Amino acid sequence: MGILEKISEIEKEIARTQKNKATEYHLGLLKAKLAKYRAQLLEPSKSASSKGEGFDVMKSGDARVALIGFPSVGKSTFLSLMTSTASEAASYEFTTLTCIPGVIEYKGANIQLLDLPGIIEGAAQGKGRGRQVIAVARTADVVIMMLDATKGEVQRSLLEKELESVGIRLNKHKPNIYFKPKKGGGISFNSTVTLTQCSEKLVQLILHEYKIFNAEVLFREDCSPDEFIDVIVGNRVYMPCLYVYNKIDQISMEEVDRLARKPNSVVISCGMKLNLDYLLEMLWEYLALTCIYTKKRGQRPDFTDAIILRKGASVEHVCHRIHRSLASQFKAPAPSTALSGWA
Ligand SMILES: Nc1nc2c(ncn2[C@@H]2O[C@H](COP(=O)(O)OP(=O)(O)OP(=O)(O)O)[C@@H](O)[C@H]2O)c(=O)[nH]1
Ligand SMILES: [K+]
Ligand SMILES: [Mg+2]
């Protein structure tokens, strides 16, 4: 019997077992078995490629948000609440085995929300479906790290470490360092600010470690050695992250208050539908989408139908969204400067 069949057998048995004092242990045992088989299913097989089935969800809508968190923190409950997609939620771990997309409609934008399997310590090394989950997270515009408010701070720091170890930088901006490898001329080092964490010597040592002997380096910011290494290595992803503490219906008011005051954090209860509006507002802010309202000459703008653009979008992008050939019809090229100045 394959694992999927075993899982289905146990699920059926759970369904037909009456819940009472006498069956308590039997049900508990069945649930434990179910969790074990599900965990096995999540273990990557040696032959299979790192891409899991069901993980390649097409990007759609104006932005993508990935739900990352330990098992059973309420990710699927959240997706089912916020979107018209139903994702199975249950009290056992690893209920969700693939990537399940839903859409949040907010302020005229379609935000793709991705429910994912729970991840655990060691995820980055391939434990469970950790690698696939993290690969999906890298493609998101914002990560919601969902945490169980009853479990305190542990989950958050463990997951931060996992994401950090694969080059995802949460709520950090790209270090403001100009770095350009050259063919010759040695290493030229400059800085526009006083450096307290790096020196020319250290920069050289680090570069030599990466077998780089010719490069131009300009620190425009007081960066740490780790930040400099991030710049050399390249492929880092700088990702806004909202820490969402769910299940606050299970903790004291004092604890709710303490968690709510942490930076980048929102406290909610999916069970009691608490604070979900506020979470959406925060998410909207983190997505930093730009809404452009068009109007006909002499008429008022239509505020029900916006052109939604990502951060850093340019006038050219706006033209493209109105019509594919619009930009090329201008006498002068449409400015490619970012919109943020006047949006
Ligand atoms: N008390 C309480 N329970 C909640 C809340 N939100 C979700 N739950 C319960 O937590 C359990 C797990 O919920 P899921 O939505 O399956 O969690 P998940 O994070 O998707 O879990 P996996 O898919 O296994 O990783 C379910 O029994 C939910 O009913 C909440 O706000 N308060
Ligand atoms: K679950
Ligand atoms: Mg789930």
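**View 1. The shell around ligand 1, by residue type.** Seven nonpolar, 13 polar and four charged residues make up the shell around ligand 1 in this predicted model. Of its 24 residues, those that come nearest to the ligand are Gly74, Ser76, Thr96, Gly118 and Gly271. Look also for helix H3, residues 75-82, which gives the shell its largest share with three residues.

**View 2. The largest nonpolar core.** Here we turn to a core of 50 residues, the largest nonpolar one. Val65, Ala66, Leu67, Ile68, Met145 and Val244 have the most contacts inside this core. Strand E4, residues 142-148, supplies six residues, the largest share of the core. In soluble globular proteins, nonpolar side chains tend to be buried together. Apart from this core lies another, of seven residues, including Val203, Val217, Phe219 and Cys223.

**View 3. Val65 and its contacts.** Once neighbours within four places in sequence are left aside, Val65 is in contact with Ile111, Gln112, Leu113 and Leu114, among others. Its contacts also include Ala140, Asp141, Val142 and Ile144, as well as Leu283.

**View 4. The annotated span and the domains.** An unreviewed UniProt entry carries the annotation "domain: OBG-type G" for residues 63-288. The chain as a whole is divided into domain 1 (3-42), domain 2 (63-172 + 237-287), domain 3 (177-233) and domain 4 (290-341). Between the centres of domain 1 and domain 3, taken over C-alpha atoms, there are 56 Å.

Notes
Residues are numbered from 1 along each chain as its sequence is written. Chains are lettered from A and ligands numbered from 1 in the order in which they are written. This is a predicted model: local features need pLDDT of at least 70, side-chain atom pairs count only at pLDDT 80 or more; totals for chains, interfaces and linings use all residues. Domain bounds come from an automatic or database domain assignment. A residue is near a molecule or strand if its C-beta atom, placed from the backbone, lies within 6 Å of it. Helices (H or I, at least four residues) and strands (E, at least two) are DSSP runs, numbered from the N terminus. Ala, Val, Leu, Ile, Met, Phe, Trp, Tyr, Cys and Pro count as nonpolar, Asp, Glu, Lys and Arg as charged, and the others, Gly among them, as polar. A nonpolar core is a set of buried Ala, Val, Leu, Ile, Met, Phe, Trp, Tyr and Cys residues joined through C-beta atoms within 7 Å. A residue is buried if 20 or more other C-beta atoms lie within 10 Å of its own, exposed if 12 or fewer, and partly exposed in between; C-beta atoms are placed from the backbone. Two residues are in contact if their C-beta atoms, placed from the backbone, lie within 7 Å. UniProt positions are given in the numbering used here, feature names are shortened, and annotations may be inferred rather than shown by experiment.
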